[in-house]
Amino acid sequence: MLEKLTETQLDAIKEVGNIGTGNAATALSMMLDKKVDISVPQVKIVPISKIPFLFDNPEETVCSIKMKLMEDMTGEIVLIFEPKTVKIIAQVLTGMEINDVTELDEFTSSMLKEIGNIMCGSYVTALAGFTNLFINPEPPELVVDMISAIVSEISLPLALAGEENILLIETLVKIEGIEKELTGYLLLVPSVESLEKLLKALGM
């Protein structure tokens, strides 16, 4: 069903992303006490099976922040960070280096959840405003696991319904004082019923 989206509709979703990330950048700047810029270089429809191969190692352990969506749109929105990105963020937050993302302390875990809450929540708010749908996100959940395991879990409801694709929103985060741009991947995973509402709101 998602493959029916036109370039114009994908551009509209990208614009929603730019609105959401603009709000997220402001909130993250206050949280980190540093200037933060977030951009959305691309929005695309990707086969669910291809998601792990966006990463250097498809079996690598990554950090994901998941938020369940309720009301007019049900499903999940998921933000995924590679380990190297998590390590940089952790160093910005705590001033300390971490060697293994599976051994995050409580403070770093809490801050990552809050970053996910800000970024996912800002996108959901922008999407709700664009579509006039009432979307109520639940508190974020931090999951540290292999990317293949995370993707398998979030895609199962769609796969059972025969949907083979997922909406991928690439985000680039630039934090003051950090030379490298940090890449995050937002996955919008609506239920099949909600997907139909979303497509209708986009004019399909």
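**Close-up 1. Glu 71 in strand β2 of the predicted model.** With a relative accessibility of 46%, Glu 71 counts as partly exposed, because that class lies between under 20% for buried and over 50% for exposed. The residue belongs to strand β2, which covers residues 61–71. Glu 71 is not a glycine, yet its phi is positive, at about 75 degrees.

**Close-up 2. Asp 33 in the loop between α1 and β1.** Asp 33 also has a positive phi without being a glycine; the value here is about 60 degrees. The loop that holds Asp 33 leads from helix α1 (residues 7–32) to β1 (36–47). Asp 33 has a relative accessibility of 69% and therefore counts as exposed, the cut-off being over 50%.

**Close-up 3. Packing of helix α1 on helix α3.** Helix α1 (residues 7–32) packs with helix α3 (residues 106–131) at an angle of about 140 degrees, and the two axes are 8 Å apart. The angle makes α1 oblique to α3, because roughly antiparallel requires over 145 degrees. The crossing of the two helices is right-handed.

**Close-up 4. Residues in the contact of α1 with α3.** From α1, the contact takes in Ala 12, Ile 13, Val 16, Gly 17, Ile 19, Gly 20, Asn 23, Ala 24, Ala 27, Leu 28 and Met 31. Helix α3 contributes Met 111, Glu 114, Ile 115, Ile 118, Met 119, Ser 122, Tyr 123, Ala 126, Leu 127 and Phe 130. Sorted by class, the residues of this contact are 16 nonpolar, 4 polar and 1 charged.

Conventions:
Residues are numbered from 1 along each chain as its sequence is written. This is a predicted model: local features need pLDDT of at least 70, side-chain atom pairs count only at pLDDT 80 or more; totals for chains, interfaces and linings use all residues. Side-chain values use heavy atoms; hydrogens and water are left out. Axes are lines fitted to C-alpha atoms, for helices over the stretch in contact, and angles run from 0 to 180 degrees between N-to-C directions. Helices (H or I, at least four residues) and strands (E, at least two) are DSSP runs, numbered from the N terminus. Angles under 35 degrees count as roughly parallel, over 145 as roughly antiparallel, 65 to 115 as roughly perpendicular and the rest as oblique. A crossing is left-handed if the near helix is turned anticlockwise from the far one by less than a right angle, and right-handed if clockwise. Contact means heavy atoms within 4.5 Å. Ala, Val, Leu, Ile, Met, Phe, Trp, Tyr, Cys and Pro count as nonpolar, Asp, Glu, Lys and Arg as charged, and the others, Gly among them, as polar. Buried means under 20% relative accessible area, exposed over 50%, partly exposed in between (1.4 Å probe, protein chains only).
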